[in-house]
Every structure is written in C-alpha cells, then in structure tokens.
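Welcome, and thanks for taking a look at this one with me. Here are a few points to read alongside the picture.

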Amino acid sequence: NNNFLVSLPDLTKIDVVGADATGFLHGQFCADLSSMPGGGGGLTAWATAKGRIITTLFAFRKADGWTLVLPSNLIARVTQRLRMFVLRAHVELHPAPADAVLLGMDAAFAKTLKSDLQQRLLPHPAVTAQLQRFMLAASRVEYAEASATPAPGASPFSAPR
C-alpha cells in the first residue's frame, strides 16, 4: 500500500521561537543544536538532571527558531516542564493548536502542495537514496484540501484520528 500522504496522530509539534531559542534548547537537549544548519533537523533526547530520558524528539531549525516533533501524549508535560526552565531567556513556546494534524508524505506528494504549505515542510531526517520524506503540521481544513487532489498513482487517504 503506497500512501503518499498519511496522518501521524501519535505525533505533534511545539514551535520554540525567540532570540535565545537555540541556546535555550541546546542546554536542554542531548544533540548539539547550536551547530545544526538552518533547515536541518535531527533526532535528540531530553533528559532529567540524573540522565533519565523524558522523551526523544525531532528538532528542526527554522529561520525564527525551532520546531520540535514529539509524541502527542507528552505535549502538555513537555511544554509545562520546558516553561519551568525559560526563566529570563527570550523564548516563546507555541504548542500546535488542538485541530492541527501532523502529516507525513513523500517528495512526490510534497511537490503537489500549495507553495505556502511547501514552505512549512519539515524534512524527515531519515532520508535514503530512494526516498525523501517530509512532515507538515496542518489544520484539518488544510489536510482536507491537500488530500482532495492526490498525486498520480496515490492510493486513498486515511482520515486523521
């Protein structure tokens, strides 16, 4: 079954923006975020001071900060805990709206999206020579519009949970 577009209901995102976003997240996560190039992304982990993993997540560098993609069931806990450490840093946390749907797609489908949606694509870090994948946080309306005109050869789409 070749789905070009799939809903990823078990994942959600938090946007972290502000002048201190990179330094703040670099101090919180295991990956070296300060050396990650713009538009890049990768897998990292967030641990307690004792080294216990709170969650693993993807961190994507954007022009105005970062987008973090993590398990949906941890969004409230992670947002609340990150806010505890902001203190005087110039950082704002913006969890995805409740109606947001995280989508996964291949490069062929990504090219069929309207340009405003293409600008919001997050490159999935697991890229192989055969397949490039992307993620996109979209509203349910944007999801319906994107799935209404499938790419040639695409199979039917699943509705988000």
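1. Two strands pair here if DSSP finds at least two bridges between them; strands (E, at least two residues) and helices (H or I, at least four) are DSSP runs numbered from the N terminus. This is a predicted model, where local features need pLDDT of at least 70, side-chain atom pairs count only at pLDDT 80 or more, and totals for chains, interfaces and linings use all residues. Residues are numbered from 1 along each chain as its sequence is written, and side-chain values use heavy atoms, leaving out hydrogens and water.

2. Start with the open sheet: five strands in the order S3-S4-S5-S2-S6, with antiparallel pairing. Its edge strands are S3 (41-47) and S6 (92-95), each pairing on one side only.

3. Next, follow S2 (residues 11-17), which is joined to S6 by four bridges. Asp-15 stands opposite His-94 in S6.

4. Now for the charged pairs. A salt bridge is a side-chain nitrogen of Lys or Arg within 4 Å of a carboxyl oxygen of Asp or Glu, and the count comes to five. One of them joins Lys-62 and Asp-15 at 3.2 Å, N to O; Lys-62 is in strand S4 and Asp-15 in strand S2, 47 residues apart.

5. Is Asp-15 buried or exposed? Asp-15 is buried, with a relative accessible area of 13%, whereas Lys-62 is partly exposed at 27%. Buried means under 20%, exposed over 50%, and partly exposed in between (1.4 Å probe, protein chains only).

6. Lys-62 also forms a salt bridge with Asp-64, with the closest N and O atoms 3.7 Å apart.
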